[in-house]
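Have the structure open as you read.

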Amino acid sequence: MRKDIRILVVDDFSTMRRIIKNLLRDLGFSNVIEADDGKTALPILKQGSVDFLVTDWNMPGMTGIDLLKEVRKDPNLAAIPVLMVTAEAKREQIIVAAQAGVNGYIVKPFTAAVLKEKIDKIFERLEG
Amino acid sequence: MPGLKTGQPTESLEALLQGKAQALVKVLEQGDLSTAMALISELQEARHAAFYREVGYLTRGLHEAIKSFSADIGVPEAQRCQLPAMNDASERLDYVIQLTEQAAHDTLDRVDRSLALLDQLAARQDLPAEAPPKLKQVRGELTEILVGQGFQDITGQLIRRVMQLLTQVENQLVNLMEMAAKVDRLNSVQLEEVCSVASAPDPERAEGPQVRPADGAAVARNQDDVDDLLSSLGF
């Protein structure tokens with residue numbers, strides 16, 4: 001897995017963005033940018049330099065699930081792997097996210113090991 | 001807080017009902033059906049009027065209770081409009097979010113600095129043999145502290161939901177008071193805010209952290225549950 005990929009972390013809580021960013025840095029990914037909801041994330045994605053999207057679900061403006069749908073709808077963005085990191089834990093919601101084309105789903109609170117495992121898995125699949 | 005006379009309308013309603021009922025029996029005995037029907041509809045109106053009056057009293061009581069709560073917590077008289085206690089409660093909750101956010105960032109700053117110190121230490125050549133595994137352990141603990149700050153996100157989401165609930169309750173209460181004012185001419189209660197209707201449940205609507213994660217099979221209890229569900233979907 002290339003470590004210089006550009007990762008966009010979307011969460012309305014600055015604390016959570018920082019935690020994820022730090023964990024990604026520990027995993028060797030230092031090219032990380034942030035957005036605080038789907039609305040601000042989408043234009044960043046459309047600029048075309050993001051390789052991997054990590055997003056929360058519950059956010060004002062545009063939610064993570066709507067952002068995921070927008071990404072899958074846009075032919076230029078559709079191939080970007082998306083990891084959802086969210087407190088939403090209803091089976092119904094996880095199924096909705098899976099059907100919308102999420103690549104990985106982590107429920108908060110999570111551990112550093114789980115984040116690493118899911119990211120590894122996503123890239124194993126993409127590269128394998 | 002002014003005394004509430006909630007008992008009174010019920011008593012007068014009873015007297016009214018009794019009178020009307022007796023009159024009804026009388027006219028029925030006389031075979032005067034049209035008067036009987038008129039009396040029945042009067043009875044119904046009396047019931048409605050009493051109900052609305054009761055709602056008016058209760059609403060007014062609630063409003064007075066909230067106003068006196070505002071006075072207790074020191075909201076100036078001039079600002080005691082628009083159910084200020086509710087606004088104040090929301091503001092306090094918002095402040096809790098700010099405080100925990102600040103505290104979490106402070107902790108994260110310290111974790112960052114500690115990790116940097118750890119890196120400096122780990123780079124040294126003259127470390128005793130037992131140092132590297134312990135440094136690694138400290139790094140692991142610091143990472144857990146880092147991840148642990150995620151509490152701020154979880155509690156913040158829960159608090160925001162309570163704030164939403166407060167807003168909804170406030171709006172409904174304002175509606176109720178407007179209705180009561182119309183029905184019962186409660187002129188002393190004057191609130192202008194119009195309510196926004198609460199939206200219907202939607203499976204895509206974010207629910208926030210689950211407060212009772214053991215709530216049956218509808219909620220994934222942990223990451224393993226999520227993984228099982230996803231693998232059953234072919235992930």
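Predicted model: local features only at pLDDT ≥ 70, side-chain atom pairs only at ≥ 80, totals over all residues.

## A strand covered on both sides

Start with β5(A), which is covered on both faces: A:Gly104 and A:Ile106 are buried on one side, and A:Tyr105 and A:Val107 are buried on the other.

One pairing to look up is A:Val85, whose bridge partner in β5(A) is A:Ile106.

Which peptide bond is cis here? Go to A:Lys108 and A:Pro109: the bond from the one to the other is cis, with omega near -5°. As a rule, most peptide bonds are trans. A:Pro109 sits in the loop between β5 and α5 of chain A.

## Where the chains meet

Now zoom out to the interface. Chain A puts 43 residues in contact with 40 residues of chain B. About 3,600 Å² is buried between the two chains, and carbon and sulfur atoms give 57% of that area. On the chain A side, A:Phe13, A:Arg18 and A:Arg91 supply 20% of the area that chain A buries against chain B, more than any other three residues.

A:Arg18 also turns up in a salt bridge, with B:Asp112, where the closest N and O atoms are 3.0 Å apart. The count of salt bridges between chain A and chain B is six, and 15 residue pairs across the interface are in polar contact. On the side of chain A that touches chain B, the elements giving two or more residues are α1 (14-26), α3 (64-73), α4 (91-99), β5 (104-107) and α5 (112-127). The largest share, nine residues, comes from α1(A). Sorted by class, that side of chain A has 20 nonpolar, seven polar and 16 charged residues.

## Salt bridges within chain B

Over all chains the structure holds 17 salt bridges. One of them pairs B:Glu42 with B:Lys20, with 2.4 Å between the closest N and O atoms. B:Glu42 lies in helix α2 (residues 33-72) of chain B and B:Lys20 in helix α1 (residues 7-29), so the pair ties together parts that are 22 residues apart in sequence. B:Glu42 is partly exposed at 33% relative accessible area, and B:Lys20 is partly exposed at 22%.

Another links B:Arg139 and B:Asp119, whose closest N and O atoms are 2.2 Å apart. Here B:Arg139 belongs to helix α4 (residues 131-148) of chain B and B:Asp119 to helix α3 (residues 84-122), so this pair ties together parts 20 residues apart in sequence. B:Arg139 is partly exposed at 28% relative accessibility, and B:Asp119 is partly exposed at 42%.

Finally, salt bridges that share partners join A:Asp11, A:Asp56, A:Lys108 and B:Asp153 into one network.

Key:
Residues numbered from 1 in each chain as written. Chains lettered and ligands numbered in written order. Heavy atoms only, no water. Contact = heavy atoms within 4.5 Å. Buried area = accessible area lost by both parts, 1.4 Å probe. Salt bridge = Lys/Arg side-chain N within 4 Å of Asp/Glu carboxyl O. Polar contact = N/O pair within 3.5 Å; in protein donor to acceptor, adjacent residues only side chain to side chain. Helix = DSSP H or I, 4+ residues; strand = E, 2+ residues; numbered from the N terminus. Nonpolar A, V, L, I, M, F, W, Y, C, P; charged D, E, K, R; others polar. Buried < 20%, exposed > 50% of the residue type's maximum accessible area, 1.4 Å probe, protein only. Pairing = 2+ DSSP bridges.
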